[in-house]
Amino acid sequence: MSNSMNLEQNLSQQLHVTPALRQSIDMLKYSWEELQQFLESQEAENPFIEIKWKTGEYAARTTRISSSADWDELNGIADDTVTIESLLLEQLRMRVTSPEIYRAAAYLAGNLDERGYLVVSLEEAGEELHLPPEIMQQSLQLLQSLDPPGVGARDLTECLLLQAEMDPSSHPLALKLITGHLHDLARGNLDVIRRSIGASRKSVEEAILYIKTLNPRPCSALQGTAAAPVTADVIVEYTPDTPQKFTIRDMYSPRISINADYIPAASDCSEEVRSYCKERIQSGKWLVQSVAYRRNTLLKVASVIAKEQVAFLSGQDHSLKPLNIKEIAGRTGLHESTISRTVRHKYMDTPRGLFEMKKLLSNTIATAEGETSTESVKQQIRNMIADEDKKSPLSDQRITNELQAQGIEISRRTVAKYRNEERILSASMRRLR
């Protein structure tokens, strides 16, 4: 037996995350409110830190999110009490539709009870608005596609059906049980249900458990609650005559400095005190660097978004251009994970309203002529369904065929996914009966 010892040398690279780097990464993903709370806590803990908050025109500029193409100053001073109607109107402004359908949907939104149920018939609403049944039916479908799921239902069955139909994870038996066996469910007649639909008791029980997760009063928790104000992180202003030119600045730039008044006194103290002061001063310098990094990164990313989405944000177009995190990373030289953290919970104030930055990004879909955005394809799907024959609504496959005929490379599964994301019912449930 022989004993031997071998020495091997391995080279490897490791990223050492310093406290300063970790702080910069964490601060980058903070919303404005989170950043403010963090800085205030740092100022309270560190006697060497002084923070001066920006004052003036933009120091207290907060508002609720809006996507209205006809944004005006009245939106910024709206009543801060949330109502079902106000929530739905904000969503309706996001949808590009005919003036008649918008007017009818807005009217229906104003005729919901505290549960979110429609309390006026389409016939009565149509007579009041002097609009035909087809427009009223389309407006109802638009209303029922909004959040929260189930809003605009005319009874409990329809309320639960809307929620189950829009839920990709809905139980396979849920629709059957809701449409034909609500009374049996209420009475606990599981065996009657099981024999009627030819399913196992376990499957029926699982479907019932799923149905119990649905909300029979989808708007009850929303009525009369206070709206949390949203603070913009950056503001973008376009030049009226040449919208391609714009200015962008951060809304809040706290000025952080290191208070040196305590340093001379600390030199005469014990080693422990001097060590504490040195550590606190270094911590303050890291904080200054982290805030500056967050600000510069935010402005870089926001500038790319403002430049690419100029047509949408200045009100010239209703669709977003294709723009994703990878493309922004390529233009800024920043890592994709940095872009992702930067757009998280950050808001941009624009001539068109206040938008969460990540919602101004849109993935691409290949077309015969190049690329288009997913938002543009979703808008086409919405338009096609709005114009369909309600007695013979378009199936997902027919929509897919029409889009493919236009040169858009899309599958039926993707069409169904987009339809569900837009909370649009399937063809069988859109059929006018």
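A salt bridge, as I use the term, is a side-chain nitrogen of Lys or Arg within 4 Å of a carboxyl oxygen of Asp or Glu. Side chains of opposite charge can pair when their charged atoms come close.

**Entry 1: ground rules.** I am working with a predicted model, where local features need pLDDT of at least 70 and side-chain atom pairs count only at pLDDT 80 or more, while totals for chains, interfaces and linings use all residues. I number residues from 1 along each chain as its sequence is written, and side-chain values use heavy atoms, with hydrogens and water left out.

**Entry 2: salt bridges.** How many salt bridges does the structure hold? I found 13. I looked up some of them.

Arg154 pairs with Glu158, with the closest N and O atoms 2.9 Å apart. I sort residues by relative accessible area: buried is under 20%, exposed is over 50%, and partly exposed is in between (1.4 Å probe, protein chains only). Arg154 is partly exposed at 40%. Glu158 is buried at 16%.

Glu279 and Arg280 also meet in a salt bridge, 2.8 Å from N to O. Here Glu279 is partly exposed at 40%, and Arg280 is buried at 15%.

**Entry 3: a linked pair.** Arg201 forms a salt bridge with Asp191, the closest N and O atoms being 2.9 Å apart. Arg201 lies in helix α12 (residues 201-212) and Asp191 in helix α11 (residues 190-197), so the pair ties together parts that are ten residues apart in sequence. My helices (H or I, at least four residues) and strands (E, at least two) are DSSP runs, numbered from the N terminus. Arg201 is partly exposed at 41%, and Asp191 is partly exposed at 35%. I then saw that Asp191, Arg194, Arg201 and Glu205 are linked in a network of salt bridges.

**Entry 4: helix α5.** Which residues of α5 (residues 99-109) are buried? I list Ile101, Ala104, Ala105, Ala106, Leu108 and Ala109. They pack against α4 (84-92), α6 (122-129) and α7 (133-144), where contact means heavy atoms within 4.5 Å.

**Entry 5: a sheet.** Four strands form an open sheet in the order β5-β4-β7-β8, with mixed pairing. Its edge strands, β5 (246-250) and β8 (353-356), each pair on one side only. I count two strands as paired if DSSP finds at least two bridges between them. Strands β4 (residues 234-238) and β7 (residues 347-350) run parallel, joined by two bridges. Ile235 has Asp349 in β7 as its bridge partner.
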